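Welcome, and thank you for opening the viewer. Please load the structure and get ready to select things one by one.

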2 protein chains.
Amino acid sequence: MTSVETLSAGKLRGLMTLADERGIFRMVAVDQRPPLFQALARHGDRTPEQVTYDEVAAVKTLLTRMLAPAASAILIDPVWTHPHALHQVPGRVGLLSTLEDHNFRLENGERWSYSIPGWSVAKIKRSGAAGVKVLAWHRPDLRDDTQEHQDAFVAGVGEACREQDIPFILELLTYPKPGEDVGGTEYARAKPHRVLESVRHYADERFGVDLLKLEFPADLKFTREFASGAFDGISRRPGYDLAEVKGYLADLSDITNVPWVLLSAGVGQLEFSLDLELACEAGASGFLAGRAVWLEALERYPDMAAVEARLAAASLPYLRRISAMAETATPWWDHRRYGGVAALQGAAPEWYREYPG
Amino acid sequence: MTSVETLSAGKLRGLMTLADERGIFRMVAVDQRPPLFQALARHGDRTPEQVTYDEVAAVKTLLTRMLAPAASAILIDPVWTHPHALHQVPGRVGLLSTLEDHNFRLENGERWSYSIPGWSVAKIKRSGAAGVKVLAWHRPDLRDDTQEHQDAFVAGVGEACREQDIPFILELLTYPKPGEDVGGTEYARAKPHRVLESVRHYADERFGVDLLKLEFPADLKFTREFASGAFDGISRRPGYDLAEVKGYLADLSDITNVPWVLLSAGVGQLEFSLDLELACEAGASGFLAGRAVWLEALERYPDMAAVEARLAAASLPYLRRISAMAETATPWWDHRRYGGVAALQGAAPEWYREYPG
């Protein structure tokens, strides 16, 4: 898409409230479910299933209270976060709500995504959130029935977001099939192709996506330059070098039909900083990060005062650091889809008469 | 209402985004229509009808661009402001949209209010605004048919705002009937009763109002202390003294069933400052002011560069001054209706299942 498009009112206002004044997204996610259950289970030697609702709600409320004020927007879930922490989100901070259930269906080793039962795009809009976030599991080698299911799921959300006039933030995550070694060089080698082809697939206009939330399209731990344990002390057999990774990022930027932000997917802080720097160089419009920001503070759990102290002493400074790094990101309205802030509006005076209600 | 009530999700989030982080409203209105047509008509010796759409749109866009960044929220109209200036409203600034048509119907000298044809609460919600503002003309001595019309109009908006789960900001304005001298002491004397009875009438829960936008319930120009021309050099026969005015404000505060903000209704800056100080002392939650902030800058019209310079040199400092004065206002969540920020949420974990979508 190279033509200048004007956005509908709700999508324009929604994107404005999620980004900062320069059009850059500095968003924090606290909608995680299994990763948070796992982090809390580690303390007390429990299974994730043994972690209680109240524990999760209390931790998410603390994360929201501590981190939302320093973000341009916060991503919450309707179950554990919303009913307790909505009033902890300052009005000036954008509100994103998650739609997909964390329980996916496994069919022949492939992941089928669903909405949280009883939650919907219409409810998200009505509840006052400025955007709908959906995670769709994907890889380019899916069975036809899986592909059809995922496409119908994503297209349905896109259509509902058009109806409700609310931004659709699509997160794409690749995943291993049974037998694949996620910690190995071959998996890391396959990642750029998988990420790029997933993005290419959902870049189709029929899916109605307004902002992509994307994985880094490689694994820096497997680059020649960082493979000797730069991030975690573990040496690995390299799968590519930095120049190649920059090439993948350039390809990614060419493919995206809408602005995109980087997700952190549980990588450590130093690695995510480097991912983000490279992504912003390549044209990303900021980040929507969770665990890279707050996971290490949860090592203090269940001492909530210590978690809070660590959030203040380490997570907030890290959030401010990556926010500063994102200053070189591309304002979303400067993406080639829009062509600058001045081109965002071009409605006729009578626009509101035909605008659906 | 002394019981603690929890707010629905959309109304809670909406009110949060309209207020600042302390729960105080520092809102600027640029939705004026006749007062703006009149101000622009003054230059060039024209009638208000001769002012063009493009002139009004350009001025409203300038006001939005200059003033919105310094406000907690801005009130716009869908016709002249929205299609040109939405992208000038920073995402961190709340967005309010106006519903009522500036053309009222005159029936036996009484004003019947209507929505802008083609605009609606559902459209306001869908367009991404955080609240619906409606001006209802009122006085306690209306004919039954007028009262019924106005009540049906207000109740209908309240019901639509409940359906859409968006805050309903009701503005009440009293007005003269034919033959009444708005500039005289008798009119000023009658104002407290008229304002108080209007508020009492619409404080009924059936109207579904979330925030009241109210006139100062007296006219300081007619107080004994300021009647010798304190604001405009004109001496007037006093109608009351300051102690009585404070009594009206205390009565107003007792009557309001929801938080309230002060409107400026075209009074000058010094007078509005004093109005605001007294209102905040009496329990107001801030202001939603228009002309007191920006009208005098329009004296430079049609020299738009001069208007902009005056907005920067005088209107913005005035906005910051009244914002500082509003620091003594009552956070909206401390109104007796809510009982503090901690009491705002009390939803069950399953709230989202029954929540309408």
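Here is a short tour, stop by stop.

**Before you start.** This is a predicted model, in which local features need pLDDT of at least 70, side-chain atom pairs count only at pLDDT 80 or more, and totals for chains, interfaces and linings use all residues. Residues are numbered from 1 along each chain as its sequence is written, chains are lettered from A and ligands numbered from 1 in the order in which they are written, and side-chain values use heavy atoms, with hydrogens and water left out.

**Stop 1: the two chains.** Colour chain A and chain B separately. Chain B can be laid on chain A by a turn of 180° and a shift of 0.0 Å along the axis, with an RMSD of 0.0 Å; the copies are superposed by least squares on the C-alpha atoms of residues with pLDDT of at least 70 in both. That is the relation of a two-fold axis. To find the axis, select B:R92: of the residues of chain B, its C-alpha comes closest to the rotation axis, at 1.9 Å.

**Stop 2: where the chains meet.** Now select the contacts (heavy atoms within 4.5 Å).

Next, show the salt bridges, each a side-chain nitrogen of Lys or Arg within 4 Å of a carboxyl oxygen of Asp or Glu. One to zoom in on joins A:E21 to B:R92, with the closest N and O atoms 2.2 Å apart.

**Stop 3: a threonine in a loop.** Select A:T223, in the loop between β8 (211–214) and α8 (242–255) of chain A; helices (H or I, at least four residues) and strands (E, at least two) are DSSP runs, numbered from the N terminus. Is A:T223 buried or exposed? A:T223 is buried, with a relative accessible area of 0%; buried means under 20% relative accessible area, exposed over 50%, and partly exposed in between (1.4 Å probe, protein chains only). The side chain of A:T223 reaches the backbone oxygen of A:L220 at 2.6 Å. Leaving aside residues up to four places away in sequence, A:T223 touches A:P238, A:Y240, A:D241, A:L242 and A:V245.

**Stop 4: salt bridges within a chain.** Over all chains, the structure holds 58 salt bridges. A:R65 is in helix α3 (residues 53–67) and A:E308 in helix α11 (residues 304–325) of chain A, so the pair ties together parts that are 243 residues apart in sequence. A:R65 is partly exposed at 35% relative accessibility, and A:E308 is partly exposed at 28%.

Then move to chain B and select B:K221 and B:E271, a salt bridge at 3.1 Å, N to O. B:K221 lies in the loop between β8 (211–214) and α8 (242–255), and B:E271 in helix α9 (residues 269–281), so this pair links parts 50 residues apart in sequence. B:K221 counts as buried at 16% relative accessibility, and B:E271 counts as buried at 5%.

**Last stop: a network.** Select A:D31, A:R33, A:E100, A:K133, A:E171 and A:K213 together: salt bridges that share partners join these residues into one network.

Key: A polar contact is a pair of N or O atoms within 3.5 Å; within protein, one must be able to donate a hydrogen and the other to accept it, and residues adjacent in sequence count only if both atoms are side-chain atoms.
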